[in-house]
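Thanks for coming. I will keep this short and go through one model, starting with its pockets.

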Amino acid sequence: MASSLLSRQLTRSLRPNLHLAAPGCRYVSKTAAKPVSEFEYDAPSMKTPVPGPKSKELTRQLGEIQNVGAVNFFCNYEESRGNYLVDADGNRMLDLYTQISSVPIGYNHPALMKAVTNPIHLSAFVNRPALGILPPENFPEKLVESLLSIAPTGMTRVQTMACGSCSNENAYKAMFIWYKNKERGTNSPSADEVSSCMINQGPGCPDLSILSFMGGFHGRTLGCLATTHSKVIHKLDIPSFDWPIASFPRLQYPLEEFVRENAQEEARCLEEVEDLIVKWRQKGKPVAGIVVEPIQAEGGDNHASPDFFIKLRNIARKHGCAFHVDEVQTGGGTTGKFWAHEHWGTDDPADIVSFSKKMLTGGYYHKDELVPDKGYRIFNTWMGDPSKNVFLTEVLNVIRRENLLDEVTRSGKVLLQGLYELQAQYPHILSRARGQGTFCAVDARDDVTRDNLLLKTRDKGVLLGGCGDRSIRFRPALVFKEYHAHQFLNIFNDVLSEYK
Ligand SMILES: Cc1ncc(COP(=O)(O)O)c(C=O)c1O
């Protein structure tokens, strides 16, 4: 099957690319040599507006079964390849959103297709064990070859989970357990603690807190949601905790013109963090941990300097709080380093680093001190999925073999430079271009313009995502090359040139 897919693909990739020859293309991007890719299409191809008639009919059908308020269109994953997503109406789009940033090496990558058909892996796909009690005999070896081979500095332990939220949720629990054991000086609870916890009362259910940042996103489960502050839609009507929320720096761009202002802004936020830690301790709700994204993603691609994060980490240490870096969206290579926190250049970046999305499995790395003292304290039925480790091993092989992190750095430069040029050309529409690797964003003048640009660009064959109030975010796969960046920039320029 895989070979017939590949040959069909090869035939398609030889078709001429009509779109790029279209008139009205004023952004003159220097054409990088197109990589010879055996398994990818060479351009978008649009047959209908998106969603097309078939997607609309399927949305109607699904609407009778589920809420479809967030469904954009239906996809044909069999026909999708590399950086191109094909929809149910046969439209082929260059995908710079990649399933909310969760596709590491493109659609139907041959290395992954091969892994599924390898008999050696069959048992991992067919049997999904309860990993916390009955792990497969090769589990330690598989963790070493996949997750531990890319462990952040200072961390030799990893706990797998299913998704981003359940990784963070359990990481928070690990921080609370660690904090409480540290505070009582033993991991043996008192009789009072044991009896009160069963009725949601103290001292067994202590009033501890986690400090998070305005604009942060850490998931939608109840604990995570208490630290999520990106959009009202996530939070409305859901009870929450009284936990401290600090301001996240709002940097001004271009960075080189606002060095002093941005340094002051970061200092202001750090001061607020310390004030909140003190205030919550006085309130009787001590901060057990601080959680932060290296780049606030859902909240609008808000960046801060390495200096900010290093100082924040020091504040956590000084006040005895665990420091949790949420790399669910930034991890896996998209910033040009495997972990975004590597850009901070410090040996002791965190106590906990959580991940999911491009890593295919969820989970969190942690320092030795955060190992729970008993079984079942951090636990659920599956605790991950060994078949995802099989895929992750293949993904890591491809990343290493094809030097994809260098590729991300190169294509990210082209993408960001192109965004700088477009914002200079259309200053009434675009501003604040920013990014690290291909993890880039640009702001539209308002939310209506942003939403319109997303739809117009999609109809021309490029899939993008929004974030924050009016930002457009770019989240291509790691196989996104300079050639794809030029392809996007040309199409985006077409859209902008038609925009009033
Ligand atoms: C930084 C961050 N943390 C946590 C999550 C939650 O992950 P999931 O949607 O897999 O629960 C997300 C999802 O977008 C995220 O971006």
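The model is predicted, so local features need pLDDT of at least 70 and side-chain atom pairs count only at pLDDT 80 or more, while totals for chains, interfaces and linings use all residues. Residues are numbered from 1 along each chain as its sequence is written, and side-chain values use heavy atoms, leaving out hydrogens and water.

First, the term pocket. On a 1 Å grid over the protein atoms alone, a pocket is an open set of points where a 1.4 Å probe fits, with protein on both sides within 12 Å along at least five of seven lines; lining residues have an atom within 4 Å of a point. A volume is the space filled by probe spheres set on the points, which are joined across faces, edges and corners.

The largest pocket holds about 1500 Å³ of space. It is lined by 48 residues, and A70, N72, Y97, I100 and R473 are the closest to its centre. Helices (H or I, at least four residues) and strands (E, at least two) are DSSP runs numbered from the N terminus. Helix α15 gives the most to this lining, 5 residues. The lining has 21 nonpolar, 16 polar and 11 charged residues. Here Ala, Val, Leu, Ile, Met, Phe, Trp, Tyr, Cys and Pro count as nonpolar, Asp, Glu, Lys and Arg as charged, and the others, Gly among them, as polar.

The second largest pocket has about 920 Å³. Of its 28 lining residues, K173, F176, G204, C205 and P206 are the closest to the centre. Which helix supplies the largest share of this lining? That is α7, with 8 residues.

Now to the glutamate. E265 is found in α11, residues 259-282. Is E265 buried or exposed? E265 is buried, at a relative accessible area of 14%, where buried means under 20% with a 1.4 Å probe and protein chains only. Beyond neighbours within four places in sequence, E265 is in contact (heavy atoms within 4.5 Å) with F248, P249 and R250.

Last, helix α14, residues 404-425. Its 22 residues reach 31 Å from first C-alpha to last, close to the 32 Å expected; the expected span is 1.5 Å times one less than the number of residues. Its buried residues include L404, V408, L415 and L422. The buried residues of α14 pack against α13, β10, β11, β14 and α16.

Conventions. Buried means under 20% relative accessible area, exposed over 50%, partly exposed in between (1.4 Å probe, protein chains only).
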